[in-house]
Amino acid sequence: MSWWWSGAIGAAKKKLEEDEAPRSFQNVALVVGVTGIVGNSLAEILPLADTPGGRWKVYGVARRPRPSWNADHPVEYIQCDITDPTDSVTKLSVLTDVTHIFYVCWASRPTEAENCQINGTMLRNVLTSVIPNAPNLRHVSIQTGGKHYVGPFESFGKIKYHEPPYTEDMPRLDYPNFYYTLEDVLFEETGKKESEH
């Protein structure tokens, strides 16, 4: 960690401690993958008073017990195995105040077909647990990366991939990709909620 980032985080934590905690929150985040690089950053930044939209209430989900290096984040930590639908429903369906889901986790398997299966299952377990019970949910963010445009590692040399610059409106590659599975699950599960109204 750079000296600047360390100082910035220290100053932010001090500011957080000095500010009075709000009585209610306009935004409530569910960060799935809170102990990863992106999830941990969200857990540090969202609760700060100067975060856009004001200070956020944050629930953080990870499979393992809360690590000591994450213990000082003002996050309601939830140890949950999102590969297990029962554990997901038990621990996530009670989060009725969630307004935003930040899905920043993934599981790696030997083949892309297996990646599609496990990662699709994990996201579906989160969404089917939260969406029906969080009436103020208004945004779901799923993190993807460069393989969205060039395909998974096992496809290198086997398919024609997109050339940069990459844009979100590019067509899907003709190869299994768990990022596409995540998008499909997201559209399917949010579509169920929209069809109810």
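**Chat about a predicted model**

Trainee: Where is Pro165 found?

Mentor: Pro165 sits in the loop between α5 (147-150) and α6 (178-196). Helices (H or I, at least four residues) and strands (E, at least two) are DSSP runs, numbered from the N terminus. This is a predicted model, where local features need pLDDT of at least 70, side-chain atom pairs count only at pLDDT 80 or more, and totals for chains, interfaces and linings use all residues. Residues are numbered from 1 along each chain as its sequence is written, and side-chain values use heavy atoms, with hydrogens and water left out.

Trainee: What kind of peptide bond joins Pro164 and Pro165?

Mentor: A cis one, with omega at about 5°.

Trainee: Switching to the whole chain, how many helices and strands are there?

Mentor: The protein chain has six helices and five strands. Along the sequence they follow the pattern α-β-α-β-β-α-β-α-β-α-α.

Trainee: And what share of the residues is buried?

Mentor: Of the 197 residues in the protein chain, 42% are buried. Buried means under 20% relative accessible area, exposed over 50%, and partly exposed in between (1.4 Å probe, protein chains only).

Trainee: How many residues of β2 are buried?

Mentor: Six of six, so strand β2 (residues 57-62) is mostly covered.

Trainee: Which residues lie on each side of β2?

Mentor: Lys57, Tyr59 and Val61 are on one side, with Val58, Gly60 and Ala62 on the other, and all are buried. In a regular strand the side chains alternate between the two faces of the sheet.

Trainee: Which strand do four bridges join to β2?

Mentor: Strand β3 (residues 76-79), and the two run parallel. Ile78 in β3 stands opposite Val61.

Trainee: What do β1, helix α2 and β2 make together?

Mentor: They form a right-handed β-α-β unit, with helix α2 spanning residues 37-45. Right-handed means that, with the strands pointing away from the viewer, the path from the first strand over the helix to the second runs clockwise.

Trainee: New topic. How many disulfides are there?

Mentor: The count is zero, taking a disulfide as a pair of cysteine sulfur atoms within 2.5 Å.

Trainee: Why does Cys80 count as buried?

Mentor: Because its relative accessibility is 2%. Cys116 is buried too, because its relative accessible area is 13%.

Key
Pairing = 2+ DSSP bridges.
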